Amino acid sequence: MGGHIMFAKFARIGAVAVTATLATVTASTAQDFQPENPQCIAPSNPGGGWDFICRTTARYLFDLGVIEDSMQVTNMSGGGGGVAFAHVSKERNEDNNLIVAASMSTSARIAQGIYEGAVQDDVHFLATFGAEYGAIAVRADSEFETLTQMMDAILADPRSVGIAGGSSVGSFDHIKPMLVAREAGLDDVTKMKYVSFDGGGEAMTGLLSGSVEALSGDFSEMLGFLESGDIRIIGIMAPERLESFPDIPTAREQGYDVVGANWRGLYMPAGASDEAKEFWSNAIQTMAEDPGFQATLEEAAIAPFNNFGDDMHDFVAGSIADIEKLSREIGIIE
Amino acid sequence: MSDRIFGGFGLALAIFYIWAASIIKDSFMVDVVGPRAFPYIVGTIIALCSLYFILRPDDEPEWPHMREFTEIVFAAAVMFAYCFALPELGFVISTIFATAYLTWRLGTAPLWSFVVGLGTSVGIYVVFHLILGLALAEGPLGF
Amino acid sequence: MDTLALLADGFAIALTPQNLFLAVMGCFLGTLMGALPGLGPANGVAILIPIAFSLGLGPVASLILLVSVYYGAMYGGRISSILLNIPGDEPAMMTCLDGYPMAQQGKAGEALSLSGVASFVGAFFATCGLVILAPQLVKVALLFGPAEYFVLFTVAFATLGGISSTNQAKSAFAAALGLGIAMIGSDSQTGSQRFTFDHIHLYDGIDFLIAIVGLFALSEVFIFLEHHRGGAVGSAKATKVGRIMPDFAMIKRCIPSMARGTGLGFFSGVLPGAGASLGSFLAYSLEKQTVDRDGKTFGKGDPRGVAAPEAGNNAASGGALVPMLALGVPGSGTTAVLLAVLLQLNITPGPLLFQKNPDVVWGLIASLFIANFILLAMNIPLVGIFTRVLMVPTRILMPIVAMISFVGIYSITGSSFDVMLMVGFGIMGWVLRKLDVSLVPVILGILLGNQMEVNLRRAMTISDGDWLILVGSPLAIILWGVAITGFVLPMLMGRRMKKRMEAARNEEEFVGD
């Protein structure tokens with residue numbers, strides 16, 4: 001139910017944003033600003049979703065000639081992105097040459113108050129350029145053929161199924177299976193066994209080594225292992241089956257009305273100049289419209305999903321409000 | 001005696017550490033072991049070792065005389081001052097003085113120390129900043 | 001045979017003049033950065049990434065440059081360990097223990113060239129292992145669940161006793177201190193802040209580089225200040241360099257040590273999360289227990305104490321590529337950076353990498369072999385130049401080393417808080433050395449502390465609080481066996497040694513150290 005609301009908002013705001021983009025793109029001129037030694041902070045270790053955002057953005061902005069200097073990608077992990085968030089809002093608030101990778105986890109953690117008193121307006125949310133759905137995977141030789149079988153086992157004994165995720169307790173990776181279990185009728189979803197790993201890659205080794213029974217993560221992280229036949233995806237949290245992967249069942253068709261979409265985007269310091277904010281917003285628009293970039297997204301199983309400017313602000317505010325409501329219902333925050 | 005003082009210090013550290021561990025805030029869900037158990041174990045080991053030092057100290061180490069000790073305190077102070085000076089004066093200027101001081105205190109003539117400081121500072125700047133492209137502290141003069 | 005054909009293709013890709021030039025450049029820069037305290041392989045590679053991209057190099061060429069830097073830095077770390085008693089990077093820490101005493105005895109040249117050969121042996125066989133065993137090794141890595149990882153780290157701490165023959169309580173204290181420092185920062189399991197006291201710089205914990213540079217390099221400066229004030233000793237004492245080539249007998253004597261070091265190091269490298277530091281550490285401590293149970297020669301300039309950890313650390317760097325390429329999971333800080341490079345080149349490591357991008361994989365492996373030979377060829381003649389460093393009077397050398405340490409840390413973290421923290425570690429290192437507390441366990445604690453704790457907590461979550469999971473698999477039980485042997489043996493040996501020493505003392509009425 002909560003997921004439903006989330007997706008409706010996704011679709012609507014997304015559509016508005018795209019039209020707005022097309023209207024303004026020709027009018028925008030921020031040629032007076034050109035960043036020097038631009039930097040993109042990925043608030044995680046290399047290899048995760050945030051890292052992908054920074055690496056891809058750095059490559060395309062430079063290749064497309066949007067920026068003149070090559071962009072340095074810095075990994076600043078810790079506190080589920082909280083270290084980078086505090087670093088940007090407190091120490092580099094006026095840096096015009098800095099952008100930071102963000103995603104659903106960023107808004108989720110702001111909503112849950114994990115970033116020590118941080119609010120949305122501590123930074124300037126620039127744009128989203130893509131979104132992908134969450135999925136639940138098991139090993140190829142697992143006894144669970146369907147999500148229903150797994151949920152039955154969880155209903156019988158919530159501690160019998162260990163679920164690995166790439167970030168800490170209460171994160172979006174953790175919320176997704178809890179939402180499914182709530183739909184399945186589990187009273188206290190916090191009883192479920194969630195094992196936190198450092199990033200999606202480590203969580204995958206946890207699954208493959210047999211330490212846990214299932215993995216909750218983003219679809220793109222699972223793609224390689226799905227193709228190699230190591231894992232089976234028993235439920236994707238999309239409204240309907242993906243065109244390119246018609247064999248993967250959705251959670252919804254198995255009776256759990258949960259849609260979990262993880263957006264990918266960027267933020268920058270709130271105190272940056274207006275010219276800089278406009279420059280970076282335009283830069284990401286240029287990138288999002290590039291066919292090569294769109295192909296990269298498709299390869300990584302990420303769907304285009306664009307929000308810029310005021311739409312972006314409203315979108316993030318809506319996303320934060322949704323998660324806050326969900327977290328309250330589940331019992332993560334009081 | 002030194003080991004006994006060291007032990008006392010270690011004990012104080014252990015108590016402080018265990019206290020600091022006890023005030024770690026819980027999040028809404030805690031794993032079986034929790035965020036405090038490991039720090040408690042570590043604190044206990046520190047405390048036990050410290051007690052051992054107090055009860056069975058090793059032979060006295062050779063501590064420096066007052067003059068050498070002052071040297072070390074001053075050198076540490078210069079290093080701390082260097083940290084504060086970096087963002088204010090920039091890399092090159094701060095480094096000249098810090099290097100010159102250390103070289104001088106290790107027994108080089110003052111003028112030569114300054115030359116060594118200048119050489120070191122400029123040399124590092126060229127290699128690290130101009131060749132390797134690392135970000136060094138920028139002062140008001142841009143270097 | 002199929003493998004060989006693919007490897008030949010790889011060599012064909014890697015052996016163009018441009019790529020060879022890049023490999024030579026990478027090896028040289030890597031050696032330089034490895035030797036500078038504060039800059040290790042991870043930073044070395046990270047620093048050169050923008051250069052590789054702004055030169056517009058293709059994927060294979062960029063990778064060749066960057067893996068040459070990677071291997072070069074692993075070779076280079078030993079140089080400052082041996083010459084200055086300051087590890088150039090964290091895996092080179094163990095090389096200090098016997099390398100520096102060798103240099104003090106006037107055998108700097110031999111130590112350097114021997115360690116160069118050991119590095120070559122370790123890296124070469126590890127690369128061979130990577131070629132032949134990669135798919136099988138992934139299966140071995142997957143045998144390690146959280147419980148097994150916890151026991152593996154316990155092995156490292158249990159064998160600490162063998163490292164320093166002095167007061168064992170002090171080793172335990174040092175290890176606990178390191179573990180305690182590792183706890184600082186956000187708890188990765190629950191996100192709670194621990195020991196940060198709301199100080200933002202501490203949220204992400206304390207970088208081990210800050211600790212290692214402070215504890216080793218700056219404390220060395222303080223020690224020099226204490227002893228060499230006035231320059232009376234500083235200029236007069238020009239350390240003898242000795243012969244450049246080690247005699248063949250010495251290398252021959254070290255061959256078993258290198259073999260053991262290579263095996264252990266490669267194995268540690270293959271396990272993600274263990275990495276090169278654990279490789280060189282285990283190689284040293286187990287070597288000591290194998291060949292020098294009475295603690296007579298190790299720590300006093302035994303060539304085997306140089307050969308084993310150097311082979312181990314370079315073998316680990318080859319091994320660490322296995323999980324990185326086959327699973328997309330980096331086994332060390334450097335492979336994490338290399339993984340990032342691959343991703344930036346639009347190559348996704350994982351189970352399909354070998355099928356999807358064979359040119360990249362085999363080009364990379366071929367360039368590892370090439371880098372290795374270049375490094376061997378480069379390092380032996382360069383020994384003469386490196387040892388010239390010792391001709392520089394300490395009163396000038398030491399401040400330069402201190403400043404390079406500062407620059408290394410500042411350029412990576414960009415914060416003067418971290419540099420201050422490093423000075424703090426320097427003072428702490430000086431006090432601890434005065435009190436005869438070994439610094440190696442402190443670093444080991446900082447390096448492995450979080451992994452050890454997190455894996456214990458994961459294991460306990462999986463088992464719902466049942467401690468029996470820690471002995472729940474044959475592998476875990478075997479590892480416990482190793483840990484217990486490693487813990488008990490040196491204690492028994494230590495007691496035996498003490499008795500012998502006392503007996504010797506009584507006989508000769510010899511007092512002194």
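## Annotated spans in chain B

The unreviewed UniProt entry assigns the annotation "transmembrane region" to residues 6–25, 37–55, 75–104 and 111–137 of chain B. The model discussed here is predicted.

Two of these spans can be described by their secondary structure. Residues 6–25 of chain B are 85% helix and 0% strand, with 31 Å between the end C-alpha atoms. Residues 37–55 of chain B are 100% helix and 0% strand, and here the end C-alpha atoms are 27 Å apart.

## Domains of chain B

Chain B is split into domain 1, residues 2–55, and domain 2, residues 66–131. Taken over C-alpha atoms, the centres of domain 1 and domain 2 of chain B are 37 Å apart.

## Overall make-up of chain C

Chain C contains 21 helices and two strands. Of its 513 residues, 66% are buried. Counting contacts in chain C between residues at least 6 apart in sequence, 80% are between residues at least 24 apart.

## Helix α19 of chain C

Helix α19 of chain C runs over residues 416–434, which is 19 residues. From first C-alpha to last, helix α19 of chain C reaches 27 Å, close to the 27 Å expected at 1.5 Å a residue.

Which residues of α19(C) are buried? They are S416(C), V419(C), L421(C), M422(C), V423(C), F425(C), G426(C), I427(C), M428(C), G429(C), W430(C) and L432(C). After α19(C) comes D436(C), which has a positive phi, near 65°.

Notes
Residues are numbered from 1 along each chain as its sequence is written. Chains are lettered from A and ligands numbered from 1 in the order in which they are written. This is a predicted model: local features need pLDDT of at least 70, side-chain atom pairs count only at pLDDT 80 or more; totals for chains, interfaces and linings use all residues. Helices (H or I, at least four residues) and strands (E, at least two) are DSSP runs, numbered from the N terminus. A residue is buried if 20 or more other C-beta atoms lie within 10 Å of its own, exposed if 12 or fewer, and partly exposed in between; C-beta atoms are placed from the backbone. Two residues are in contact if their C-beta atoms, placed from the backbone, lie within 7 Å. The expected span of a helix is 1.5 Å times one less than its number of residues. UniProt positions are given in the numbering used here, feature names are shortened, and annotations may be inferred rather than shown by experiment. Domain bounds come from an automatic or database domain assignment.
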